[in-house]
Amino acid sequence: MSVLPTDSLSTPRFVGLPSFMRLPMATELQGLDAAIVGLPSDSGAPFRTGARFAPNALRAMSVMLRPINPYRGHINIFEVLRVADAGDATCVPGYEIESLAALERALDAVVEAGAVPFGIGGDHSVSLAGLRAVAKRHGPLSLVHFDSHTDTWDSYFDGKRYSAGTMFRRAIEEGIVDPARSIQVGMRGSLFQPADVSQSVDLGLEVITCDEMFALGLPETARRIAARSAGHPAFLSFDLDFVDPAYAPGVETPECGGPTARETLSLLRSLQGLNLVGCDVVELNPSYDGPGQITALLGATVMAELLAILAEARVRERSR
């Protein structure tokens, strides 16, 4: 099947059913380098629900994006990578553990076909399904995590161990994330308890808080991310509340004092040397986005930057 997106110079963006970046819908997974997979579950959301509607909101705004990334050598992503939109995984609304299992089955199919899963969520708990699926092929993963919260709490609400605030602790306990090769960036704001950030350090993760990120500068932050993962198979998880709510209001758990959209994209465009084997962009809540859908547009743009990271890596591999 052809895997080139619809040409928006020939057919207006508002024509047709919106797929991610106007890519074809996958009729089969074999032969793809990457697959966009919707992860429409918010059963793990401890605050504002509504992220179940995020995948299609991201798709709707992604039609604005073009295939050439000028920040990575003018790579035409879809001439380098065979990518298709694989639609949405199913879930069991209101049942977190069952939903994670259903999401994992859909992502298993992508990984087993040899494609890199690019998940569009969904609350942040969906990352546990992605990590489980990808680790079956690659072993314990380097986690590169952008967020304003660590998501390494042990439990929420009467000892419940699975939520959008606990999944990275569960992933470390399950042995699917290698904390010695993993890093969290962007933590900020008020705390439940003094250990909300240090609990990640205690688990073995490196943490760069938002204040530390700005003190270091974005290029040095990008260098530290690359040094931490050191070419190991990496899963990049991007929570849109990493960004200041002035630029990304439509999220589940907004946190004041974060980077702008420009600073966020500059950091992602500075990343080099990641061995990307899976990723997701999560926590878009369209119910709280403005009429201009700026959070959805930013989320789609972040995902396009992650596709460009993979495309650049494949170009390097082929030139060796």
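The sulfur of Cys279 lies 20 Å from the closest cysteine sulfur, that of Cys91, which is too far for a bond. A disulfide is taken here as a pair of cysteine sulfur atoms within 2.5 Å, and a search of the whole structure finds zero. Cys279 counts as buried because its relative accessibility is 2%; buried denotes under 20% relative accessible area, exposed over 50%, and partly exposed in between (1.4 Å probe, protein chains only).

The model is predicted, so local features need pLDDT of at least 70 and side-chain atom pairs pLDDT 80 or more, whereas totals for chains, interfaces and linings use all residues. Residues are numbered from 1 along each chain as its sequence is written, and side-chain values use heavy atoms, leaving out hydrogens and water.

Helices (H or I, at least four residues) and strands (E, at least two) are DSSP runs, numbered from the N terminus.

| Helix | Buried residues | Packs against |
|---|---|---|
| α8 (218-229) | Leu218, Thr221, Ala222, Ile225, Ser229 | β6 (142-146), β7 (183-187), β8 (206-209), α7 (210-216), α9 (261-270) |
| α9 (261-270) | Thr264, Leu265, Leu267, Leu268, Arg269 | β6, α7, α8, β9 (233-239), α10 (294-319) |

The buried residues of α8 cover an arc of only 100° around the axis, which puts them on the same side of the helix; the arc is that of the directions from the helix axis to the C-beta atoms. An α-helix has 3.6 residues a turn, so residues three or four places apart point the same way. Just after α8, Ala230 takes a positive phi of about 50°.

How values were computed. Contact = heavy atoms within 4.5 Å.
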